[in-house]
Amino acid sequence: MKRSFEIDRILERRQLEALLRQVGEERYHINHPFHRLMVEGKLSKGQMQAWALNRYCYQAAIPRKDAIILSRLDDPEPRIAWRERIIDHDGDGTKPGGIERWLKLATGLGLNVDMVKAQIYALPATRFAVGAYVTLVEKRSLLEAIASSLTELFSPKVISERVPAILKRYDYITEDTLSYFSPRLHQAPRDAEFALAYVLEHAKTAEEQQAAVDALITKCDILWAMLDALHFAYVEPALCAPGAFVPEDHPR
Ligand SMILES: O=C(O)c1cc(C(=O)O)c2c(n1)C(=O)C(=O)c1cc(C(=O)O)[nH]c1-2
């Protein structure tokens, strides 16, 4: 059986870019049933809390994985570009960064900040998925590490769908609570453009191109697995792992 996204000859840059974008079309978490329920206004407050609490683990890992990439870049020029990502998430000591804004989202949904930060109330599968992302960036080639960030090519679309839908359909959530997302709409395209140019420049052989595409597929799988875990624990069959966060409105 021919696998999907198989590369059997060297692709031109525009063909490789088209293939990477096709991975997103087919595999990005915008297509996940949990995201669909969210934008249709069908999640309960407890399910929204579970999403924010679990996704905090991802947010908290992003600057750590970017620090790994930074440590693997030989030249100052890409390091200067890449370090912006860490500042975006950690802040610079004077302005809040993305992690703090995510905590504002979580507390705006009624969660206790220490409970969110502890990460121990996240689902095991969430923690394993996030760990897999950090491990990928650490252990695979630099090209694969950078290619795995290319889901950011697609995040403006999911954010642009999510934010207005939440504001319209969940009356207890305010624009201020969702302020995490506004800067992402310009940060993500800037970051994705840099990463895409890097991948198109450095993936020269068919093997390297395949490795880059596969890294993006793996990253889509990681994001997908995180929503699968939420769906299983909080939507259907609503089976929470022992020790995980149980919202007040959980059916069991
Ligand atoms: O809201 C989203 O659905 C979404 C998705 C992604 C992504 O596609 O990985 C990121 C983000 N948000 C995000 O806020 C973020 O900072 C981010 C960093 C990265 C990355 O892989 O380096 N992805 C994402």
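1. In this predicted model, Phe 5 is partly exposed, since 15 other C-beta atoms lie within 10 Å, a count between the limits of 12 or fewer for exposed and 20 or more for buried. Phe 5 sits in the segment before α1 (13-27). The phi of Phe 5 is near 60°, a positive value in a residue other than glycine.

2. Gln 119 also deserves a check of the backbone: phi is positive, about 65°, although the residue is not a glycine. Gln 119 is found in the loop that runs between α6 (113-118) and α7 (124-139). Gln 119 has 16 C-beta neighbours inside 10 Å and therefore counts as partly exposed.

3. The peptide bond that joins Glu 236 to Pro 237 is cis, and omega is near 0°. Pro 237 belongs to the segment after α11 (206-235).

4. On helix packing: a packed pair is described by the angle between the two axes and the distance between them. For helix α9 (residues 155-169) and helix α10 (residues 181-202), the axes come within 9 Å and cross at roughly 160°. Angles over 145 degrees count as roughly antiparallel, so α9 and α10 are roughly antiparallel to each other. Their crossing is left-handed.

5. Which residues make the contact between α9 and α10? From α9 come Ser 155, Pro 156, Ile 159 and Val 163, and from α10 come Phe 181, Arg 184, Leu 185, Ala 188 and Pro 189. By class, the contact of α9 with α10 has seven nonpolar residues, one polar and one charged.

How values were computed:
Residues numbered from 1 in each chain as written. Predicted model: local features only at pLDDT ≥ 70, side-chain atom pairs only at ≥ 80, totals over all residues. Helix = DSSP H or I, 4+ residues; strand = E, 2+ residues; numbered from the N terminus. Axes fitted to C-alpha atoms, helices over the stretch in contact; angles between N-to-C directions. Parallel < 35°, antiparallel > 145°, perpendicular 65-115°, else oblique. Left-handed = near helix turned anticlockwise from the far one by under 90°. Contact = placed C-beta atoms within 7 Å. Nonpolar A, V, L, I, M, F, W, Y, C, P; charged D, E, K, R; others polar.
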